[in-house]
Amino acid sequence: MLYGFEVQLFQRQGIQIGPTGEPRGLNILQAPYLDYQRFGGLTIPAVDADLSAGAPAVGSPGYTRTVREFVREHVPDAWQGRDVGFLREFLAAAPVEAPSHLRELAALEIWGLPLSQPMPEPTNARFVYQRFQRGVMHFDAATGATGGLLLGDHLKSLITGHGLSPTLTDAASDNPLLRQYAPGLPLDMQRPATVPGTDLTHAFRPSTESTAWPPAGDSRYGVIALHRHIAGGVRNVLARTGARSYLDYSSGLDDAPSGSEKIAVVRPSNEPSAAELRARAARHPGAAWAIGNEPNTGLQDNLSPGAYAVFFDRVVTAIRSGGPSARIVAPNTLNFDFRCRGCAGDDLTGREWIDGFRAAYRDLRGREPPIDIWGIHAYEIDWIDPPMTDASVMQAQVEGLRAYLDAIPAHRGRPIWLTEFAIIWGFDDWRVETTADGGFLVAPAGRFRSDLIETFLGDALDWLETRGRQLGVERWFVFADHGIPDPIFSTFAGISLVEAPDARSDLTRLGRVFRRRAMT
């Protein structure tokens with residue numbers, strides 16, 4: 001990740017993944033990369049301001065025609081009696097299937113527009129160069145060969161410091177990328193704050209080298225692992241994201257990878273016996289136990305406040321008898337006062353449900369429930385106006401819970417954990433799809449808005465690290481490592497942090513956003 005974009009360097013250039021997922025050439029000869037003229041013993045042309053100013057503007061009337069004319073006027077095959085072959089080299093970058101009248105436009109993806117006229121090397125007239133946005137063409141009169149300068153190698157040398165020429169070192173003395181690569185440090189970087197949106201982890205390690213990932217990052221960052229049955233999957237997502245803690249909705253703690261913290265989740269559907277709860281709590285003193293999962297919704301635990309009070313009391317009594325230092329995280333309601341828009345049913349809001357639970361527990365035990373950490377799930381759920389990417393809904397739920405708790409002396413100042421947050425539906429729209437057995441599923445319509453989801457994740461993490469800290473939000477858990485569709489959806493429509501839930505899968509773009517934040 002380089003300045004917020006996925007990049008792969010090649011010997012002569014770089015390829016960048018754009019905001020909407022399309023590959024494009026990296027403008028490697030422009031700031032903040034290699035905006036220089038001298039590389040080792042070579043001196044390339046400076047940018048010709050007049051030429052650059054006369055280039056056709058993207059989207060201007062007749063752009064395809066004017067680009068073709070501009071390229072053919074300023075990129076020659078013959079120059080000062082020499083067959084430099086620059087136009088042939090330029091057009092060779094176009095796909096072979098490109099129509100003849102579009103070859104110049106297609107080749108722009110690799111070379112970009114010319115930024116100079118051809119120019120001989122000042123110290124070696126046999127060499128002729130022409131500068132483009134994304135590369136430099138080089139003609140050697142001694143061999144008659146035309147090709148591109150190894151600018152990708154130079155950018156790699158700038159970042160790693162290996163093979164770095166004195167001339168580039170001097171020219172780039174104030175470039176924050178200079179010798180930035182530092183294997184073993186967070187993000188494999190010397191000074192990560194100076195290069196925003198960048199993660200060099202394992203960027204320059206041989207693919208055959210087996211090297212441990214750097215130590216885990218910020219302890220507040222957690223992930224939700226949905227595929228604990230896949231060997232090595234949990235360990236992989238923790239190592240790659242930098243998260244220290246996770247939950248997988250199981251109530252066991254013995255399977256947590258070394259160095260991580262697992263939050264046990266006890267639900268009516270997986271409740272162990274009292275004896276087993278005591279034994280687990282004794283084996284893991286101080287562990288965190290989440291009691292219940294969205295008890296106020298029909299699609300999850302679906303417990304009335306009174307039924308949950310009895311369940312909570314039974315489970316907490318058993319846990320505390322085995323581990324008095326156990327931390328109780330409850331009740332993990334879905335939202336606080338946000339009601340789903342466009343949903344059927346009449347689930348209680350988190351506030352209404354918590355009021356009922358507290359009253360039921362006081363009737364049962366004569367005191368407030370012994371909650372150490374207040375857990376909440378926060379989601380925008382709006383089937384009327386998708387996609388559901390408004391981070392302010394999450395923020396309002398936490399603000400509401402904080403104000404509510406601080407008005408109750410027994411719970412004032414208690415920490416909050418955001419035990420789930422993410423995206424319910426990231427498509428522009430939805431439709432109903434009939435299944436083979438006559439059932440119904442919610443299916444995508446329109447685009448999957450990865451751009452808005454990435455903005456949501458960044459905004460949510462910004463808020464949690466600033467305002468969330470003021471509100472006592474100690475941890476937050478992103479859903480999920482690799483998403484699986486809800487039973488009523490035809491496809492997953494939210495956040496996946498890794499490409500696949502196995503022991504080797506790399507991070508997605510969203511996973512890289514998460515990792516950069518967790519590690520800095």
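Tutor: Let's start with what lies over helix α2: the cover on its buried residues includes α1 (49-53), α3 (86-91), α4 (103-111) and β9 (124-131). Keep in mind that this is a predicted model. And which residues of α2 are the buried ones? They are Y63, T66, V67, F70, V71 and H74. If you look down the axis of α2, these buried residues fall within an arc of 130 degrees, so they line one face of the helix. Over on the other side of α2, R65 and E73 are exposed.

Now follow β9, one of the elements covering α2. It belongs to an open sheet of four strands, ordered β8-β9-β10-β11, with antiparallel pairing. At the edges sit β8 (119-121) and β11 (145-148), each pairing on one side only. Ignoring direction, neighbouring strands in this sheet are turned by 30 degrees against each other on average. Find F139 and you'll see T146 of β11 standing opposite.

For a contrast, go to β18 (residues 373-378) and β19, which pair in the parallel sense over five bridges. There, A378 has F421 in β19 as its bridge partner. Six of the six residues of β19 (residues 416-421) are buried, so this strand is largely enclosed by the rest of the structure.

F421 turns up again in the largest nonpolar core, which has 94 residues: along with W289, I291, F312 and I495, it touches the most other members. Helix α9 (residues 305-322) gives the most to this core, eight residues. Zoom in on F312 and, leaving out residues up to four places away in sequence, you'll find it touching I291, I328, A330, F357, Y361, P369, P370 and I371. There's also a second, separate core of 28 residues, with L149, L151, L168 and L200 among them.

Key:
Residues numbered from 1 in each chain as written. Predicted model: local features only at pLDDT ≥ 70, side-chain atom pairs only at ≥ 80, totals over all residues. Heavy atoms only, no water. Buried < 20%, exposed > 50% of the residue type's maximum accessible area, 1.4 Å probe, protein only. Helix = DSSP H or I, 4+ residues; strand = E, 2+ residues; numbered from the N terminus. Arc of directions from axis to C-beta. Contact = heavy atoms within 4.5 Å. Core = buried A, V, L, I, M, F, W, Y, C linked by side-chain atoms within 4.5 Å. Pairing = 2+ DSSP bridges. Axes fitted to C-alpha atoms, helices over the stretch in contact; angles between N-to-C directions.
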